[in-house]
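This report looks at side-chain contacts in one structure. Please view the sequence and the model before reading on.

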Amino acid sequence: MRRAFVLLFLIVSCKAAAPLPHSRFSAVVIGDSVAHGAGDERGRGIARDLDDELHARGIDAIATKNLGINGARTRDVLRLLRGANARAAVAGADLVIVSIGGNDLYGDSISRLLTMSWPSHAMERTLDRVADIVATTRRLNPNARVALLGLYDPYRRPSLDRAVNAWDARLIARFAAAKGLDVIRIADLFRTYRLSPIDHFHPSAEGYLLIAQRIAEAF
């Protein structure tokens, strides 16, 4: 009888000690300078604008975590996801927003040369590493929704527009069957000049707000 009581006590104690699932919506942004919010003249970026958009829709959300890295490539995000802080942030998130790929394709002269001379190879190689990021995210948190942002053309050149369209099409095709994952295109938001008054390359405050709105509308 005493042994049964002790066993019952241990079971109840373990249940009492088990962590309760969080009830407030949680999002994290990872990736490159767009994820980080570079160029935003208000210093808000996607994370802070998304907070406002979620609250405006009546969603009880904690502050979105911003883990973006200026200049990041896919390898940098994979390295980030090996760190304890990033792993904990992703593991506890309901939504993981990923902005990556542009620097792999156009971040330096060698990357640009390869992308322009052999675009299919450059894009597929980069897509493989994006898939690694998604797989790592899934291992850390199988239940989180994932939003992959497309690219945009800061120069409004027809050739670059075509390349952005090709990348986004490949991104959509690669993850078309992935559950809980959405590719969110943003290229059309920059057909009107919405670039940063600081660097004339990254999104302006208006541009980031529109990206955040599009993310919120998708979820």
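Does Tyr 155 count as buried, exposed or partly exposed? At 45% relative accessibility, Tyr 155 is partly exposed, where buried means under 20% relative accessible area, exposed over 50% and partly exposed in between (1.4 Å probe, protein chains only).

## Basis of the model

The model is predicted: local features need pLDDT of at least 70 and side-chain atom pairs pLDDT 80 or more, while totals for chains, interfaces and linings use all residues. Residues are numbered from 1 along each chain as its sequence is written, and side-chain values use heavy atoms, with hydrogens and water left out.

## Aromatic contacts

The structure has two aromatic pairs. In one of them, the ring centres of Tyr 155 and Phe 201 are 6.0 Å apart and the planes lie at 55°, so this pair is tilted. Rings of Phe, Tyr and Trp (its six-membered ring) pair if their centres lie within 6.5 Å; planes under 30 degrees apart are stacked, over 60 edge-to-face, and the rest tilted.

Phe 201 is partly exposed, at 32% relative accessibility.

## Salt bridges

There are 18 salt bridges in the structure, each a side-chain nitrogen of Lys or Arg within 4 Å of a carboxyl oxygen of Asp or Glu. In one of them, Arg 42 pairs with Asp 40, with the closest N and O atoms 3.4 Å apart. Asp 40 is buried at 5% relative accessibility, whereas Arg 42 is partly exposed at 38%.

Asp 128 and Arg 174 form another salt bridge, their closest N and O atoms being 2.9 Å apart.
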